Amino acid sequence: MSQKPSSTYLIVGLIIGLIIGAAIGWAVTPKGVPQEEYDAVVSERDALRSELDAIRPEYEALKSLVGTLPTDGVITMSAWSAGSPVDYYRAENLKRAAKLLEALLRGVGLNITIEIDSYYEHVSDWGAWKSKFASAFEAGEAPDIISGIDMVEAAEAGWIISVDEYYTKYKDLLADIPEYLWDAVKYKGKMWGVPQDVASQVFYFRKDVLRQLGWSEEEIEALPDKIAKGEVTWYDLAEVGKEAMEKGLVQWGFFHRPNWGASLEIPYYLAGGDFYDIETGKLVLDKSALKDMFTLFYTLAQVDKVLPDTMIGTSWREIHMGFVNGRVLFWLGGSWHWGEWQKVEYHETLGALPESYLWENVGFALYPALETGGKAGVTTGPWKYYICSQSKYPELAFLICFFATIPPYDTDHALTSSHLPVRYSTLNYPPFVEKGGFLYQVSTFVAKHGMSKPILHPKWGVLKDMLLEHLVKVEKGALTPDEAVESLVNAAQAELGEDLIVRE
Amino acid sequence: MTSKPKPRYRAAIRKAKLMNFLKYVIVYSVLLIPLVPILSMMTWLVVQSFSEGPTSGLIPRGFTLENFRFLWHPIRFGLSEYPNIWPIVGNSLILAVGTVVFEIPVAALAGYALSRMKFPGRVVTMKLIVALHAFPGVILLIALFYILNRLGLYGKGVLTLIGVALVKAGLGVPMDTWILKGFFDGIPWELEWAAMVDGCSRFQTWRKILLPIITPGISAVAIFSFMSGWGEFLLAYTYIKRREFYPISVFLYSVIGEFVFVDWGLLAAVALFYMMPILVFYALTQKTLLKLQLVGAVKG
Amino acid sequence: MKRYVRESPIFLGLTRLLGRVKQRIPKGVSGKVLPFFFMSPFFILISVMWFAPVGITTYMAFTKTQWTITNMQFIGLDNFVRIFTRDIRVVDTIYVTVLYVSSVLAINAFFSLVLAIFTTYFIKKEPVSMAIRLAWLIPRITPAVIYALLWRWFIDPNIGLLNTFLGLLGLPTPRDWLLTPPYSQILMIAVNGYVGASFGMIIYSAAITSIPRDIFHAAIADGATDLQVCRHIILPLLKWPIFFVTSWQCLSLISSYEHILALWAGGAGVARAAEVEVWALYAYSKAFYASEYGYGAALSIFLVIIGLIFIFIFFRVFGFERMMQPSKVEV
């Protein structure tokens, strides 16, 4: 009976093996986790997943760059930005954007360092700035990113490239910048720049003077709304200005800018006119709108005498000091003036104004309608970054320009320069909501009533000069509105010929 | 003669003295009253640079040396920082001294040749110098941009500065040659002949004997060239890429801004500092400047 | 006068010496090569800095060169046709330029004469005279940027002093000197006049101080009044300097624009709005603000032509030639 003992050993061995196996199995099984902990881990994982999904578009898009860029090394780029002394974030944000892009690129496996020389200049002579850029371009050493030059000229001269292919590629990301801003960078059917901030006109008034005229706080607070609805017109406000002047509360009812600019174009637009026809790409003059515009300024300057006839040609310093010290009731300005008044010592006793003073004494609204029930509004337009045609990394440059306006950077620039932010998402960004009271309100009414009127014609400068010349004559009473319209249209047709469309 | 002059004489003398007095009143008025704006501007410049805030008229607001901080501190504008001022001064010096170094030898050589030597085209050259004066700087500027581009002088740091100095020198040479020719014309022949008879070559005569004599003329040319180079802005601004190579004129331009946000005190201090070398040069060469003879005047 | 000079011992000695020396000229000294050596740096520099640009600009005037300066397209006389027929700004620009040149010339050539006579003849004390002349040189030596800045301060209605002084004198005090004609034009003339006056002053002073004092003493001893001295002694002797300064300044002024550009800086349109845009500045703004280099070149060439016409007149009418003859070579 030698088989029987071996089968016994086998069975015993099996049983022992099983027991050992079970013991080992029990030993290595992880301990159970309490239910809450388990739930927490799961929800964390889900949140991370949604965040990853949020930047998945960036991630996916950037993945496409693999293969077009070196996988490591240093990429040097340069950028020239310009503006007034408070717009320096235009340059700073490019630097930060480059760092951000670096990090994102590392995420897709490209270990490159982007070194960007972001130069900022406080420019007063834009002609010299353009020469500087043109010379650099001719020497083959133009910066990758440039701003502060005329878009039409730059496109025609071949200095910058069109960015349509990048727009299409990153369309989802770029939707964070409003559509109308992208329209403002279109010329001859292509897009030529990246919007950086938004300049908007704002109609300011002195609340303290209105109080002295006997207006109640509710009336004052309700004024912007009434203007927006077209219940209070420009001529109504002219009456208010007259009253204030007669009572000796102010020296002048209205001040406007001393040379041609967007704020002077608004009455013409509100009257239904246009200066540029996108379809044909030609300049336009609408005679009836011109008449309404000239009539307005004529009335203000010569009839009601609430606007000085030497307005054109006054120095900026005079203008700001006039309004800031309460000697002028209405100022046809822009959003950045709110910031400027807090930084430059215009006030004769307070110097640079604290924001509290502004909230207390200065109100803001849309530019009023010309007739009751008419349209009120403001014009808005973007500051643009351009990509130079000599750039070796145009796509990277484009991305840097775009990332330069993510909410934290956009907010820094907006708060410093008092221009409007360019992204939708900035309007929900807590620091901006918290500190950007003024800009927030302006953004709100711009969103509803803002007009984007880009004029992208090489001869616009010529037409502007003529408009200014005629405005001066109208304000001085040398021409009546009708005469001015005739004279302007004739001169414009003589000078511009084919490039001009005249409408009744 | 008896002691006292008669009353009539006294009256006549009084009248003469009065006329004399009036004459001097008129002379000094005409000379000094128009100077009032200039002198007040200079006074303001000094006062403002030491004032804490914008002056009201010529009265400073507080006294401070802070405006001169750019001498020992980098200047910040917004988030960007300007480098130390002294390399910038160095750049201006390269420009200005470069201009002088290029202009003087060329003008001295040509001035002498036009004054003393006979060669075909001599009179034509002199007419040319006069004719060149009719050419506006504008016309040259456009083409100079073209030439500087072609010569590849964009953004090359010190080389660009030297290139610009050469341009400035070239622009000033005709006038300087004319001036120095005038000085050479004023030296009597005897000196030269004496030297040459003693065995000097013409060049040696020029170098060792004549140049020292026309030192006043050379110093006049020197100050004009220096001022030309020191004051150059547009070419430097356009062709110099990196901020470290900017001369002071461009630095000043950045400080000026649009006269809106400007820091008046800093601006005045930088402007004063910028003018210093010229004022020094000016003080050293005043006698010469006041006696420049561009035209063979009286003996004519 | 001439007789006096011709009989002076120095002159006689010189002529005798030169006569003797003439026989001793070593041959070959005034060789053909040496002048070349002396003149070559001059000609090289002039070729690069003057001839080449002039040539380029002249060619450019016949091209359409826009935006990129190295990209030129020949279009013949079109730019010039445009100047004469199509450009509506030409008339105003000519008016401003004529106003500018004539007014500033009056200061630079004639008021400076007054300055020179006053400081060298009337003021006997040398230190005072020098001090005043040095003060009048200040505008010339101030760098253009700073000069413009100082004027900007001076005309400021709030913190500047111009209106204060004018008020004291009972003269009108406009708020805006910079942009309102005719005040802006008065400012333009003043700003440039201050700079230009010193040129004439220096030249005339040098000429006057080289008149031997004895002549004045003799005239006064003979009973001449100061006015008669000026009219009969000084002015005739200054004939050539006056011609020279007038012509030279006229040429300079036609093509000048630097101080106007510095003061009315701020882009195209500012100078135009203030009606101080002289022809040269117009050419500059067409070239550098509108990037129309070809047209700017054409406008500049037009100036050159006018300048050359003036030069021709000066040579013929004023006998410029004679000023260039006194040179030792002919002896």
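Me: In this predicted model, what makes helix H15 (residues 316-324) of chain A and helix H16 (residues 335-343) of chain A roughly perpendicular?

Reply: The axes of these two helices come within 12 Å and cross at roughly 85°. Angles of 65 to 115 degrees count as roughly perpendicular. The crossing of roughly 85° falls in that range, so H15(A) is roughly perpendicular to H16(A).

Me: Which residues make the contact between H15(A) and H16(A)?

Reply: H15(A) contributes Trp316(A), His320(A), Phe323(A) and Val324(A), while H16(A) contributes His337(A), Glu340(A) and Trp341(A). By class, this contact of H15(A) with H16(A) has four nonpolar, two polar and one charged residues.

Me: Why is Ser84(A) called buried?

Reply: The relative accessible area of Ser84(A) is 18%. Buried means under 20%, and Ser84(A) is therefore buried.

Me: Where in chain A does Ser84(A) lie?

Reply: Ser84(A) lies in the loop between strand S1 (72-83) and helix H4 (89-107) of chain A. Its C-alpha atom and that of His122(A) are separated by 5.3 Å, although the two residues are 38 residues apart along the chain.

Me: Turning to chain C, how many helices and strands does its secondary structure comprise?

Reply: Chain C comes to 17 helices and two strands. Of its 331 residues, 55% are buried. Among contacts in chain C with a separation of 6 or more, 66% are between residues 24 or more positions apart. Chain C exposes about 14,800 Å², and carbon and sulfur atoms supply 67% of that area.

Me: How do you know that helix H15 (residues 279-288) of chain C and helix H16 (residues 293-317) of chain C are roughly antiparallel?

Reply: These helices pack at an angle of about 165°, with their axes 7 Å apart. Angles over 145 degrees count as roughly antiparallel. The angle of about 165° is over that cut-off, and H15(C) and H16(C) are therefore roughly antiparallel to each other. The crossing in which H15(C) passes H16(C) is left-handed.

Me: Which residues form the contact between H15(C) and H16(C)?

Reply: From H15(C) come Trp279(C), Ala280(C), Tyr282(C), Ala283(C), Lys286(C), Ala287(C) and Phe288(C). From H16(C) come Tyr293(C), Tyr295(C), Gly296(C), Leu299(C), Ser300(C), Phe302(C) and Leu303(C).

Me: How do the residues of the contact of H15(C) with H16(C) divide by class?

Reply: They divide into eleven nonpolar, two polar and one charged.

Technical notes: Residues are numbered from 1 along each chain as its sequence is written. Chains are lettered from A and ligands numbered from 1 in the order in which they are written. This is a predicted model: local features need pLDDT of at least 70, side-chain atom pairs count only at pLDDT 80 or more; totals for chains, interfaces and linings use all residues. Side-chain values use heavy atoms; hydrogens and water are left out. Axes are lines fitted to C-alpha atoms, for helices over the stretch in contact, and angles run from 0 to 180 degrees between N-to-C directions. Helices (H or I, at least four residues) and strands (E, at least two) are DSSP runs, numbered from the N terminus. Angles under 35 degrees count as roughly parallel, over 145 as roughly antiparallel, 65 to 115 as roughly perpendicular and the rest as oblique. Contact means heavy atoms within 4.5 Å. Ala, Val, Leu, Ile, Met, Phe, Trp, Tyr, Cys and Pro count as nonpolar, Asp, Glu, Lys and Arg as charged, and the others, Gly among them, as polar. Buried means under 20% relative accessible area, exposed over 50%, partly exposed in between (1.4 Å probe, protein chains only). Accessible areas come from the Shrake-Rupley method with a 1.4 Å probe; for residues, only the protein chains shown count as cover. A crossing is left-handed if the near helix is turned anticlockwise from the far one by less than a right angle, and right-handed if clockwise.
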